[in-house]
Amino acid sequence: MRLDQLPQSDNIEDRRGAPSGFPGGRGGIGIGTIIVLGLIGWALGIDPRILIGGAEMMSRDNEPQQQSDAGSTAGAPSDEMGHFVSAVLGSTEAQWSDIFAQAGKTYTPPTLVIFSGATRSGCGAAQAAMGPFYCPLDQKVYLDTSFFQDLERRFRACDVGSKTCQFSQAYVIAHEIGHHVQNQLGLLPQVQEAQRGMDKTEANSLQVRVELQADCLAGVWANRAQEKWQFIEPGDVEAAMQTASAIGDDRLQRQAQGYVVPDAFTHGTSIPSAHAGS
């Protein structure tokens, strides 16, 4: 993946190294609570971020409010990872601004928050273990870049140290930006309203559709960006497909508990090739 022609974005908050108030104490819930809530969410088919965020908000009800971006810096970071994130974000802004303009709409880009370990979001606690996510309440994407190392080493989504891993990482960012596009179009509020009247299985099924649409929107970005900048190199797409296989609900459930519970899916299954020989 080539970055040299991609536009840079300044819509970044770099909170790496900034005080987070975690874990435990007056600044937030403890790591033990986070683990327990994560396991409960997995067992019940509920997004653990909802439980963790709710617990975090309750834990701070009687606490003095701390500024969520205290110690952060705004703008494109100067290090290699910061440059990469800025380039991917900038390319999404360019493409979605054009697409919205063609439809007579205005695209308002989100802010992308880079953090290390833990930070606060408008949706509650943001923890590295939760993975990247989009918070519609503050319209920010939260990314602990250690997740990219997890893709390589824990999930084996691409070859460790390979340059092709960059496109897989870009795909992850573009997916979260896809959720922002859904929010801008009013789709996320409609889904959330519909889920209130559904049982768990129906709500999860609808959430899968939301996630798959975000994948589709990431594909729209990749296609349009490739036409303009020719930034995709040999092996990049294959690595991204490998990533999609590695983080499907069915594969993650099988790794964690040895069996698959389709009714608990919230993101969708691995691509068909992931089941070859199984």
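This is a predicted model: local features need pLDDT of at least 70, side-chain atom pairs count only at pLDDT 80 or more; totals for chains, interfaces and linings use all residues.
Residues are numbered from 1 along each chain as its sequence is written, and side-chain values use heavy atoms, with hydrogens and water left out.

**Exercise 1: the core**

Find which residues of the largest nonpolar core touch the most other members.

Solution. Start with the terms. A nonpolar core is a set of buried Ala, Val, Leu, Ile, Met, Phe, Trp, Tyr and Cys residues joined through side-chain atoms within 4.5 Å. Buried means under 20% relative accessible area, exposed over 50% and partly exposed in between, with a 1.4 Å probe and protein chains only.

Next, look at the members. The largest core has 40 residues, and Met1, Phe84, Trp96, Ile173 and Trp221 touch the most other members. Elements that each supply at least two residues of this core include helix H3 (80-102), strand S3 (111-115), strand S7 (140-144) and helix H5 (165-184). (Helices, H or I with at least four residues, and strands, E with at least two, are DSSP runs numbered from the N terminus.) A second, separate core of seven residues includes Phe115, Ala126, Phe133 and Cys135.

**Exercise 2: aromatic pairs**

Work out which parts of the chain the pair of Phe84 and Phe148 ties together.

Solution. Rings of Phe, Tyr and Trp (its six-membered ring) pair if their centres lie within 6.5 Å; planes under 30 degrees apart count as stacked, over 60 as edge-to-face and the rest as tilted. The structure holds seven such pairs. In one of them, Phe84 and Phe148 sit edge-to-face, 6.3 Å centre to centre with 85° between the planes. Phe84 belongs to helix H3 and Phe148 to helix H4, so this pair links parts 64 residues apart in sequence. Both residues are buried.

Now try Phe167 and Phe231: this pair is tilted, at 6.0 Å centre to centre and 55° between the planes. Phe167 is buried with a relative accessible area of 6%, and Phe231 is buried at 1%.

**Exercise 3: strand S7**

Decide whether the residues of S7 are buried or exposed, and find the strands that pair with S7.

Solution. First, burial: five of the five residues of S7 are buried, so the strand is largely enclosed by the rest of the structure.

Second, direction. In a regular strand the side chains alternate between the two faces of the sheet. Here Lys140, Tyr142 and Asp144 point one way from S7, and Val141 and Leu143 the other way.

Third, partners. Two strands pair if DSSP finds at least two bridges between them. S3 and S7 pair in the parallel sense over five bridges, with Thr111 facing Lys140 as its bridge partner. Strand S6 (residues 133-135) runs antiparallel to S7 and is joined to it by three bridges; there Tyr134 has Val141 as its partner.

**Exercise 4: two helices**

Find the angle at which H5 and H6 pack.

Solution. Axes are lines fitted to C-alpha atoms, for helices over the stretch in contact, and angles run from 0 to 180 degrees between N-to-C directions. H5 and H6 pack at about 80°, with their axes 5 Å apart. That makes H5 roughly perpendicular to H6 (under 35 degrees counts as roughly parallel, over 145 as roughly antiparallel, 65 to 115 as roughly perpendicular and the rest as oblique). Contact means heavy atoms within 4.5 Å. His179, Gln182 and Asn183 of H5 meet Leu187, Leu188 and Pro189 of H6.
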